[in-house]
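Work through the exercises below with the sequence and the model in view. Try each task before reading its solution.

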Amino acid sequence: MLKKHPLLTFTFFGFVLFLISNRLDELRVYQGATVAVYVIGIASIILLTGYSGQVSLGHGALLAIGGYAAALVRIHYNAPIWLTFVVAVLSAAVGGALLGLAAARLSGPYLAGTTLALAIGLPSIANQFPILGGEQGLFFDIGLPPASLGADFTQYKWFFWICWLVALIAIYWLRQVMNSRYGRSWRAVRSNDVAAELAGIHVGRNKVLAFTISAGLAGLAGALLAMTISLVSPGVFPLALSFSLATGAVLSGVTTLGGVMIGAVTLVAIPEIALAIANRFSGSETITTNLPGLLVSALLILTVLFVPNGPLEQLRAKRGKNEHSLKK
Amino acid sequence: MNQFLDVFLIGVSAASIYSLMAISMVLVWRSTRVVNFAQAGMALLSAYVGYELVARVGNFWIALPLAMLLGAAFSAFIEFVLMRTLQKHSSQGAIAAIAPIIATLGLLGLIRAVIGFIWGHADVQLEAPLSKVGFKFGETTIAVSPMSLFVLLFVIVLMIIVSLIFQKTNIGLALRASAYAPEIAQLAGIRVSGIRTLGWAIAGAAGAAAGILQTVNGTGSLSPESLEFSLLLVFGFIAAVIGGLESLPGAVLGALILGLVLAAVQIYISGALVFIVAFLLLLVVLIVRPQGFLGSKAGRRA
C-alpha cells in the first residue's frame, strides 16, 4: 500500500492520528507531539548519514538555529506561525549549507568531531548575544488554538496537530526526494564515491545539498520543539539532544526512512519506562534521573553491536528479500 | 611584557593537559582507527575514581597513579569487549564508517549514567594537593602556581616515559609497526590484537591523568554533565587534528599551538571568544591542511 499509494497512506495515517488525539489525555498528547518532532529530527539524520554517508553529532546546533530564528521573527515581526517555520527551515538550511561546504571536504571521524565541537560550543555562544536572551532564552508563543475548534480544544492538542501535519508533509516530501534523481545520486555517492564520480555525479555538490536539506529539516524540528515548550534557550538544545537524535537514527536504522517511527517512539518512551521501573523500586531519585540515560546508551551500544543496520533491515535480511537492497 | 609572559605560562600549562588528552586520542586512533568520543567520559570517570581514592586513601600522590592504572585497565577492557565485538559484527555497509563513532557515544552516555548512579548529580570536590596561588617575584605574582608547575612537570615526565616506550622498547616497536601496517606486523609475528588493547590501555592511563590534573588544576568540582570535560574532549580532538591525528609529537605540538592561541585570546580579547576561536582554528586546519602539520611520514615513524 505504501509503495503504490504513498499519499493515501500518509493521509490515512494522519487520520488515525487525528482520531487518536481525541482520545488521549494531555500528557500523552504532548508526548505525541514530541514524537513528531523527533520523527523530523531523526529523518534529517537518516538523510545525512544513511543516504549521503556523512556523520553529524551536532544536529542539536541546527535545531537551535531553527528554533531561535522562528522565535525571533515571531517576537520582532509578529510573523504568522507558518512563516516562522519557513524562516526556521531557511535559516537552518543556510547554516547547514555553510557547514556542508566544510563538511564535504571531511570524512568520518573528522566530520563527527567538528560537528560535535559545534554542538558543545553553540549553546555557550548563544549566551554571548543579548538579542538571543542569554541563559533565560526567548519566549516562543504561537498563540491560542483558533476559537472555531471549540472551547475545550487544548493547547497541547493544537501543538499535536501542527507537529504531525508538518511531520507528515515533511516525511512525504523527503520520501519523494529520496526516490528522485537526487536520492539515487546520494546513495551512489554513499556506496562508492569514486564510481559515482566516474558516472558523472558531482560528489561534493551532492554532499553539500544533502547537508543543506538535512539542516533545513533539523531547523524545522527545532522550531516545532521550541513551540511545544514555548521557549528557546541554550538549555532546550543541549548536547544530549544531538546525541538523542543520533541514537534515534541508529535505532531506526540509518539506511531506511521506514523505521523512523521506531526511533522516535523509543526516545519518548524510554523516560516513561525508566520512571515506571524507578517507581517499582520505591521511586528513588537516583534511579529516576539516571536510568533513562543508562537505557538509551545501553540500547544504542547493543543496536550498533548486534543490529547495526536497524531492526527493519535485519527483518528484511532474515526474510531473504535481497532484491530490495539491490534495487536501491 | 608581563601580559605576554602570562599568555605563555597559562598557554603552556593548559597545553600540557590538552596534550595528554590529544595523545590518548592519537593512541586510540593509531591502534584501532577509531576516534574515541568517550575519552572525555573515561577521563571524567577516572577523576571520580581519583576523588574516591583520595577519600579512601587520604593521599593524592598515591591516588593519582592508582587511578591511572585503573583508567588503563578500564580502557583495555573497553577495547577487549566493545571494539572487538564491533569489528566482528558491523564491518560492512554504510554503518561501518559510523558504527565506532556511535558506539563510543553510547559508551559516553553509559559512563555518565553510571557516574550518576554511584556519585549522584551534585558536584563533588577534588581538592588540589598543592597551593594554587601563583609564585611571587618581588611585587608581581606570575601565572604559575605550585599546582600548575607540578602538572607541567608531571606531563613532561609522562611524555618522556611514553616516548621512551615507543622508541626504545620492543613493545614500542610492535605498537609502531601495528599502527603503520597491521597485516605486515601480523606476518612478522606481532600479536596485533593484543597490541591494540595495549594501545588503548596507554591511552586510558593518559586520559585518566588528563582528567584528574584538569580537575585539580581547575575548579576542582566534578559533575556527570561537566561542560569542562566536554570542552577538554573538543580541545584534545582539535590538538590531535592539528598534529595530524597520527603522530604523538604532533599531538603535543597541536596542544601547544592551541593552548597558546587560546591563552592569547583569553588575555588580549575576551574569555567568551575562546571556544569560537578554537572552532575556527579546527576548521582552518581541516580545510588548509587536513593531514595536520606532522601527519606525514615523519609522524608515522614516531
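**Exercise 1: aromatic pairs**

Over all chains, the structure holds 13 aromatic pairs (Phe, Tyr or Trp rings, for Trp the six-membered one, with centres within 6.5 Å; planes under 30 degrees apart are stacked, over 60 edge-to-face, the rest tilted). This is a predicted model, where local features need pLDDT of at least 70, side-chain atom pairs count only at pLDDT 80 or more, and totals for chains, interfaces and linings use all residues. Residues are numbered from 1 along each chain as written, chains are lettered from A and ligands numbered from 1 in the order written, and side-chain values use heavy atoms, without hydrogens and water.

Task: Describe the pair A:Phe160 and A:Trp164.

Solution.
1. The ring centres of A:Phe160 and A:Trp164 lie 6.5 Å apart, with 55 degrees between the planes.
2. The pair is therefore tilted.
3. Both residues lie in helix α6 of chain A, four residues apart (helices are DSSP runs of H or I, at least four residues, numbered from the N terminus).
4. A:Phe160 is buried at 4% relative accessibility (buried means under 20%, exposed over 50%, partly exposed in between; 1.4 Å probe, protein chains only).
5. A:Trp164 is buried too, at 6%.

**Exercise 2: a second pair**

Task: Classify the pair B:Phe235 and B:Phe275 and place each residue.

Solution.
1. The planes of B:Phe235 and B:Phe275 meet at 35 degrees, so the pair is tilted.
2. B:Phe235 sits in helix α9 of chain B and B:Phe275 in helix α11, 40 residues apart.
3. B:Phe235 is buried at 7%, and B:Phe275 at 9%.

Key
Helices (H or I, at least four residues) and strands (E, at least two) are DSSP runs, numbered from the N terminus.
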